[in-house]
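Q: I would like to go through this model with you, starting from its surface and then moving on to individual elements. Shall we begin?

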Amino acid sequence: MQDRPAPNGNRKPNPNQNKNRNNQNRNNNGESKPNNNKPNHPKQGNKPNQNRNNNRPNNNKNGGGNKNRNKRRNVTTVNDEMRKYLEINDKVKEATMNPWRNADMSVQGKIRFTPLGGLGEIGGNMAVLETETTAIIIDVGMSFPDETMHGVDILVPDFSYLHTLNKEKDVYVIITHGHEDHIGAMPYLFKELQFPIYGTPLALAMIENKFNEHGLSQYTKNFNFVTMRKQHQIGDMKIEWMHNTHSIIDACSLAIETPAGTIIHTADFKVDHTPVDNYTMDLRRFAHYGEKGVLCLFSDSTNSHNPGATKSEKVVGKTFDTLFELAKGRVIMSTFSSNVHRIVQAMERGVLHGRKICVIGRSMERNIETNRALGFVDIEDKHFIEVHEVPKYADHEVLIVTTGSQGETMAALNRMATDEHRHIKLKPSDTVIISASAIPGNEASVSSLMNKLMKAGCTVRYKEFADIHVSGHAAQEEQKLILRLIQPKFFLPVHGEYNHIAKHARTAVECGVDERNILLMGDGDQIELTTKYLKKVKTVKSGKTYIDNQNNMTIENDVVLDRQKLAEDGIVNVVAQISQSTQKVVGKPVITTHGLVADKDDKKFQKEIEVLLETMLLNMKPEALKNHKDIENDIRAVVRKHVVRTKKRYPLIIPTIFIV
């Protein structure tokens with residue numbers, strides 16, 4: 001039987017089709033029969049290389065010849081019917097790899113997407129998706145300051161662009177979940193602008209707590225509670241909240257039907273197949289939209305450098321089992337106050353070991369009470385005690401759940417570590433569990449907290465137990481799963497620093513997204529999207545506003561800059577009286593410095609400045625003394641030049657001049 005050509009140019013010939021079965025031409029004695037058949041010529045259908053073994057010289061020493069010469073080929077017949085179905089199945093498989101073609105690619109609509117926070121940084125997530133008539137703000141989060149922002153507690157996004165949108169379009173706020181980096185800036189937004197808010201009950205309840213704290217309780221009338229798996233008409237868009245798994249209850253992704261096509265925004269997620277509450281990520285809904293055809297996917301990039309998959313939240317519970325067995329005295333557990341599943345697992349272990357639960361810290365108390373009220377935490381009242389009741393119980397009967405896992409100065413755990421807490425004094429028998437990882441920028445404060453706790457003699461459980469904390473963000477294999485379920489035409493990685501979104505983009509290319517259909521964005525970049533193209537069209541104003549949490553007030557940029565300058569370069573004060581008639585300093589000028597010269601060098605520096613003033617006044621025209629501001633600016637310039645030349649510093653210089 002002759003070989004047929006391969007039906008598909010991409011198919012490789014079966015490498016076994018030229019192999020012969022050894023037992024077909026053997027006689028009863030097990031010997032091979034002589035092979036009198038000549039090798040088939042290529043004309044008969046064989047490719048030239050298919051008989052290359054037959055053309056090799058015979059090197060068999062005993063003269064037995066090549067065993068393969070007298071073997072028969074086992075050939076599959078590829079007829080027209082089979083070839084037709086091979087081609088059909090190839091087309092089916094090709095269609096499954098590009099389901100975005102199922103969507104209507106002829107629509108003329110266009111949308112714009114503008115991140116105002118969360119790109120180029122961790123936290124502070126906020127973005128705007130807009131059509132011709134409608135704009136939705138996806139999350140309004142806060143972030144943490146770095147060590148150079150003295151006296152600043154939190155950062156919130158710049159709302160300038162929203163003021164512009166408010167005059168032109170219908171604006172709505174869409175909340176994906178209740179983490180601080182997604183809702184923390186809501187009170188500051190509502191002090192300036194008010195919009196309808198859509199979200200799940202838990203997320204809106206947490207926003208209500210913030211509004212009450214800031215005296216904005218009247219704006220709870222703007223709340224609109226959503227149902228998952230149901231489309232909500234918001235302006236000219238239809239939005240569906242799809243349940244996902246993250247490090248907070250009721251986290252959601254968004255499916256947004258726009259005039260240009262369907263958009264999927266994952267928000268923060270990981271794919272946890274064994275979550276604590278047994279409600280897994282709604283992957284079937286992702287697949288549903290993927291099959292219909294998705295124009296663009298926006299996806300969380302935070303853990304894009306992590307290979308494999310992020311571990312389930314349940315593994316932390318197993319670690320808690322070990323830690324509670326080892327603990328002989330009080331257990332003090334600190335984590336993020338919004339990570340209720342983590343807190344519940346610790347509480348359940350506490351109850352199991354006969355411990356009473358004491359919750360300390362304003363945000364921790366508030367979040368636990370909110371989750372209990374909504375039914376997400378099911379632990380009876382009898383297991384809880386107040387902080388003043390702790391001394392009534394033996395140490396092995398107490399579990400304290402508290403805030404401060406990031407080393408915050410005013411948090412309860414830090415005040416315990418510095419012996420400033422009114423009720424809780426640390427003991428050497430205490431076990432402190434820090435079930436969190438340091439947020440980028442907080443490493444130094446977490447390290448300082450660890451030092452204080454160890455100096456107090458406590459047993460500190462942190463990173464020596466591998467599963468004491470797990471991330472709430474997807475690693476590479478989970479990112480690939482979402483990319484393959486959606487298989488979008490365009491891809492925009494969001495949430496993370498530039499290196500995170502760049503790595504996520506490479507993962508998307510591996511998963512079949514055309515490299516030309518991916519853009520890497522930064523805060524303020526405005527992207528225009530249609531069925532035909534994806535491009536950056538302009539940059540809008542973005543940035544951060546500094547907040548002092550002690551009074552919930554804004555700190556102006558110039559105040560923070562002055563603080564930075566004072567911390568880095570110091571200050572020089574010059575107070576002098578100048579005679580208008582003689583153009584000389586009356587008496588001795590008062591010159592003080594802070595953070596510039598050592599105390600022992602003060603007199604020397606004062607003398608240098610006095611000489612500078614005298615020289616400057618001698619060379620000054622008489623009419624110049626008529627303007628205070630001019631003379632102060634001249635003194636500032638002369639002193640700055642001297643300090644830069646001698647100290648290589650740029651201090652804040654404040655001259656105060658009296659002309660007499």
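Q: How much accessible surface does the protein have, and what share belongs to carbon and sulfur atoms?
A: The model is a predicted one. Its accessible surface comes to about 33000 Å², and carbon and sulfur atoms hold 48% of that area.

Q: And what percentage of the residues count as buried?
A: Of the 660 residues, 48% count as buried.

Q: How many helices and strands are there?
A: The protein has 16 helices and 26 strands.

Q: What part of the contacts with a separation of 6 or more comes from residues 24 or more positions apart?
A: Such residues account for 72% of those contacts.

Q: Turning to the open sheet of eight strands, what is its order?
A: The order is S7-S6-S5-S3-S2-S1-S20-S21, and the pairing is mixed.

Q: Which strands stand at the edges?
A: They are S7 (223-225) and S21 (534-539). Each has a single partner strand, so one side of each is left without a neighbour in the sheet.

Q: By how much are neighbouring strands turned against each other?
A: On average by 25°, with direction ignored.

Q: How do S5 and S6 pair?
A: Strand S5 (residues 170-174) and strand S6 (residues 197-199) pair in the parallel sense, over two bridges. Val 173 has Ile 197 in S6 as its bridge partner.

Q: Which strands does helix H2 touch where it packs on the sheet?
A: Helix H2 (residues 160-168) touches S1, S2, S3, S5 and S20. The direction of H2 makes about 25° with that of S2.

Q: What about H5, which strands does that helix touch?
A: Helix H5 (residues 201-213) packs on the sheet and touches S6 and S7. Its direction makes about 160° with that of S7.

Q: Back to S20: how many of its residues are buried?
A: Five of the five are buried, so S20 is largely enclosed by the rest of the structure. Asp 525, Ile 527 and Leu 529 lie on one side, with Gln 526 and Glu 528 on the other, and both faces are covered.

Q: How is S20 joined to S1, parallel or antiparallel?
A: The two run antiparallel and are joined by three bridges. Phe 113 has Ile 527 in S20 as its bridge partner.

Q: And what links S20 to S21?
A: A hairpin joins them through four residues. The two strands pair in the antiparallel sense over five bridges, and Gln 526 stands opposite Lys 538 in S21.

Q: Changing topic: which residues of helix H6 are buried?
A: In H6 (residues 283-292), the buried residues are Arg 285, Phe 286, Tyr 289 and Gly 290. They cover an arc of only 140° around the axis, which puts them on the same side of H6. On the other side, Arg 284 and Glu 291 are exposed.

Q: What do the buried residues of H6 pack against?
A: They pack against strands S8, S9, S10 and S11 and against helix H12 (476-486).

Q: Which residue follows H6, and what is its phi?
A: Gly 293 follows, with a positive phi near 110°.

Q: You mentioned H12. Which of its residues are buried?
A: Gln 476, Glu 478, Gln 479, Ile 482, Leu 483 and Ile 486 are buried. Their arc around the axis is only 165°, which puts them on the same side of H12. Their cover includes S11, H6, S12, S19 and helix H13 (498-510).

Q: Next, S17: which way do its residues point?
A: Thr 431 and Ile 433 point one way from S17 (residues 431-434), Val 432 and Ile 434 point the other way, and all are buried. In general, side chains of a regular strand alternate between the two faces of the sheet.

Q: What unit do S17, H11 and S18 make?
A: They make a right-handed β-α-β unit. S17 and S18 (residues 459-461) run parallel and are joined by three bridges, and the partner of Ile 433 in S18 is Arg 461.

Q: How does S13 pair with S17?
A: S13 (residues 331-334) and S17 pair in the parallel sense over four bridges. The partner of Ser 334 in S17 is Ile 434.

Q: Finally, where does Lys 565 lie?
A: Lys 565 lies in helix H14 (residues 557-569). It is partly exposed, with a relative accessible area of 29%.

Methods. Residues numbered from 1 in each chain as written. Predicted model: local features only at pLDDT ≥ 70, side-chain atom pairs only at ≥ 80, totals over all residues. Heavy atoms only, no water. Buried < 20%, exposed > 50% of the residue type's maximum accessible area, 1.4 Å probe, protein only. Pairing = 2+ DSSP bridges. Right-handed = clockwise from strand over helix to strand, strands pointing away. Contact = heavy atoms within 4.5 Å. Areas by Shrake-Rupley, 256 points an atom, 1.4 Å probe, with all protein chains shown as cover. Arc of directions from axis to C-beta. Axes fitted to C-alpha atoms, helices over the stretch in contact; angles between N-to-C directions.
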